[in-house]
Every structure is written in C-alpha cells, then in structure tokens.
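Colleague: I have not looked at this structure before. Could you take me through it?

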Amino acid sequence: MKVKSNQEILEFANQIAKPLGIDCVEVEFKQGKNPELTLFIDKEGGVDLNTCELFHNAINEPLDELDPTFGLPYRLNVSSLGIDRPFKTDNDFISHIGQRVEVKLYASIKGKKFYDGILMSYDKEKITLKIDEKNTFTIELKTIVKVNEYIDFE
C-alpha cells in the first residue's frame, strides 16, 4: 500500500494540533489486512482520553482531505506516547535533562547493563548520567539499547 511519508503526515497533523495546545510527535503506519495510522500526541501536563478524543475529532476530516493512503481505507488511532516509550528524538532527550531516566545498555559498564539516574546532558552522540553523588559518567548513544523516563511504582 502506498502512503504519504510520516514526515508529511506529522507536519500536517501539527497544523491541527498546535492551536489545541497539543504536539503530534510521532506517526506510525501499520500495513496489512486492516491498515492503521496512529498519531502519537503529547501536551504539557500530559495526555488523557479527553485529549485523544479532542484531537481525533479535530484531525479526522482534515486528514481525509490530505488522503495519506491515496484513497485506500485505514483506521485512525490517536494515542499518548506512553510513560515507557523509548526516547527517539532530540527533543525527547532535551526535555528530560535534569530528570531521572532509565538506561539499558548493549554491554555492561562497571558490571551493569541497566542504570537509572539523572540525565545531565545530551548531544547527538552521547548522554551524561548522574547515578549518585559520586558516580557520573558519559555513555555513547551507540552503546544504548533504550532510554526512557524513570517509572516509580511507589
């Protein structure tokens, strides 16, 4: 199935999202028997079901006009990013500087493959993670499996 690029859909979606105080941050298209276009959104203070419904209603008709699948049917989904979503974009990392994150590595550093700590800095090649008052170290992005927001279950 031929579809418009994720970037084109993302830029279009943000024209609808921004006036609502919402950011459309990711587009995912799953092909198959029942094709699905999922728009992942975020906003200050978090996303709830009402926010998803508001954006879905606002984008539904304009998206039909954009015609991302060139006339073929698909299901539209609007979703929050989810708390355990891996960081993918520069903004994901930058917006979490100073916050606690979880880092999973391909190979161990100092005997461990999993760390949580404060994200101190980020550039396109590495992050600096503060584990505690004595331990801060820099990790190359190419050695990281996944970075996401720290989840505290307490």
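Predicted model: local features only at pLDDT ≥ 70, side-chain atom pairs only at ≥ 80, totals over all residues.

Colleague: What is the order of the strands in the open sheet?

Modeller: The order is β1-β2-β3, with mixed pairing. Strands are DSSP runs of E with at least two residues, helices are runs of H or I with at least four, and both are numbered from the N terminus. Two strands pair if DSSP finds at least two bridges between them.

Colleague: And which are the edge strands?

Modeller: They are β1 (23–30) and β3 (75–80), each of which pairs on one side only.

Colleague: How many bridges join β1 to β2?

Modeller: Seven, and the two strands run antiparallel. Within β2, Leu37 is the bridge partner of Phe29.

Colleague: Where does α2 pack?

Modeller: Helix α2 (residues 49–66) packs on the sheet and touches β2 and β3, contact meaning heavy atoms within 4.5 Å. The direction of α2 makes about 145° with that of β3; axes are lines fitted to C-alpha atoms, for helices over the stretch in contact, and angles run from 0 to 180 degrees between N-to-C directions.

Colleague: Which residues of α2 are buried?

Modeller: Thr51, Cys52, Phe55, Ile59, Leu63 and Leu66 are. Buried means under 20% relative accessible area, exposed over 50%, and partly exposed in between, with a 1.4 Å probe and protein chains only. The cover over the buried residues of α2 includes α1, β2 and β3.

Colleague: What caps the N-terminal end of α2?

Modeller: Asp48 does: one of its side-chain oxygens lies 3.2 Å from the backbone nitrogen of Asn50. At the other end, α2 is followed by Asp67, whose phi is positive, near 55°.

Colleague: Changing topic, where is Thr69 found?

Modeller: Thr69 is in the loop between α2 and β3.

Colleague: Is Thr69 buried or exposed?

Modeller: Thr69 counts as buried because its relative accessibility is 1%.

Colleague: What is Thr69 in contact with, leaving aside neighbours within four places in sequence?

Modeller: Thr69 is then in contact with Met1, Lys2, Val3, Phe29 and Tyr74.

Key: Residues numbered from 1 in each chain as written. Heavy atoms only, no water. Polar contact = N/O pair within 3.5 Å; in protein donor to acceptor, adjacent residues only side chain to side chain.
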